Amino acid sequence: MKSTMMSVPLSLNTLLDHAGRLHPTQQIVSRLPDKSYRRHTYAQWHARTQSLVSVLKRLGLRKGDRVATLCWNHHAHLEAYFGIPAAGGVMHTLNLRLAPDEIGWIAHHAEDRFLIVDDVLLPLYKQFADLHRFERVIVFPFSGAPVATQAGDPHAGIPAIDDYEQLLRDAPPCDGYAAHDENDPVAMCYTSGTTGRPKGVVYSHRSTVIHSLQAALPDHLGLSARDCVLPVTPMFHANAWGVPYAAVMLGAKLVFPGPHLHPDDLLDLMQVEPPSLALGVPTIWLALIQLFEAHPGRWTLPQGLRSLVGGAAVPEALIRQFAKHGVSVAQGWGMTETSPLASVFYRKPELDPVLNDDQWFARRALAGVKVPLVDMRIVGEDGSECAWNGTDVGELQVRGPYITGAYHDVPNDPDKFTADGWLRTGDVAAIDAWGYVRIADRTKDLIKSGGEWISSVDLENAIMGHPAVAEAAVIAVSHPKWTERPLAAVVLKPNQTLTAAELRDFLAPKFARWQIPDAFEFIDAIPRTSTGKFWKVRLRERFANWVWPDAS
Ligand code: ADP
């Protein structure tokens, strides 16, 4: 017997046209470099995206060609999100926070043919232009200044330079989208390469549509056409967690912060365009809530704001602090490789009679519950699957229709994929009987002390629960007797004082004595990665020559 259902391919183009037709008056707001706001309706955005499709076709884009973007979060970047795939290309977001050499290496590895770049980022482009020759560089006049165009000479390796707005103005009417299969690629992102070279993950129409549907569900982001979504997460970081696609699918309002990501800028923006859902890594929200509380009355936080926070462990103290101001924080877990939403916090109703408020807060600090279409398992050191009992810890492995099964142009590595087809995440985790995932650590961040493992994440979360502490990161430092011992790098809030002994007393009720860091170093700031997470590699370098007083 055969199914009688139509086999219409899943397609981003369907979402694009649906949004243009069904939500023509909904708004897309972008903050410009001069801090003013530009507003487009979905109808205008749809028309501009269709013009981009015509432009790319006219410029000779072929099926599967990569078009890189080097852009902040704004409406034109969203045009690229949909226009490049609709023209048959693959959008490749370049991470503007990486070193120029690394960006050039990535563009070359991906064989990017064209580049769409913000005018304000041209100085960055020039620093890696020699490492990869784009055929065309399309400059988006984000600042409003005129674009200096040039004809280009392919034989001499000189790219043509075009003005994005001029190209759109001159575009012929769109005569349709490129034919495609649902498994054809739409976008690619490189992992940040904290170990080894960055690796490319290539998303398909199918994976992106399924991810959008799943991310939007009520227990997940609970997205609707009534939402106003603020993606602080950069559009080059796992496609802003795929949320722009989901927001367009439902016709939600989108507010893009442009290059203004400092906490005071974000708070200012929230006064003008109050979001109902905001996304970002914990470091963004830590800084924002501290500034907010340091200036009572200067800003208000939108009532009922929901915030999806992930990419790194979210301290319980942060969740509680936001709750005091009426903001609910839901933690999600994922990776560039997982599109990324693989698990997210929601309140399982069967626990309502069992858990009190304090216990719910503790649960919110876990990495949520796996979403329906993603399979998860925990594999112990002996290779056997761990029970979901909340205590058996092992490597988290995942599988699903929007989880990558390979990396672009890299032979499959058994360290990354198992023989039976699961992605090895490199995260150490436990899952409890209700399905809540606890990320104990990244494999490489665990601290091995005297044969026992210590979770840096648990220590960091506890230290950040101290009212005088702004930020903390815990690393392993080698020790002649214990192999490794934990060292805590701590940043205090302004005008606060705290000693190592006081912190040790604060941690004593929560941890076994051998788990408590032997050293507390008070520093000015924790180094950040290109995606805004604590950069433990840099911290480890900084404390590489550490000498323990009791080491002899
Ligand atoms: P990178 O951090 O290398 O830039 P990704 O952005 O893909 O790469 O990050 C994926 C990793 O981020 C995960 O493997 C995990 O270690 C960490 N991570 C993501 N979400 C969480 C979370 N809620 N709690 C703890 N760690 C998380």
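Are Tyr-407 and Phe-417 buried or exposed? Both Tyr-407 and Phe-417 are buried (under 20% relative accessible area, with exposed being over 50% and partly exposed in between, for a 1.4 Å probe and protein chains only). The structure is a predicted model, in which local features need pLDDT of at least 70, side-chain atom pairs count only at pLDDT 80 or more, and totals for chains, interfaces and linings use all residues. Residues are numbered from 1 along each chain as its sequence is written, and side-chain values use heavy atoms, leaving out hydrogens and water.

Aromatic pairs number 14, a pair being two rings of Phe, Tyr or Trp (its six-membered ring) with centres within 6.5 Å; planes under 30 degrees apart count as stacked, over 60 as edge-to-face and the rest as tilted. Tyr-407 and Phe-417 form a tilted pair, with 5.6 Å between centres and 55 degrees between planes. Tyr-407 also has the charged end of Lys-199 over its ring, 5.5 Å from the centre (NZ of Lys or CZ of Arg within 6 Å of the ring centre and within 35 degrees of the ring normal).

Turning to charged pairs, there are 30 salt bridges (a side-chain nitrogen of Lys or Arg within 4 Å of a carboxyl oxygen of Asp or Glu). In one of them, Arg-48 meets Glu-165, with the closest N and O atoms 2.8 Å apart. Arg-48 and Glu-165 are both buried. A salt bridge also joins Glu-135 to Arg-113, again with 2.8 Å between the closest N and O atoms. Here Glu-135 is partly exposed at 39% relative accessibility, whereas Arg-113 is buried at 12%.
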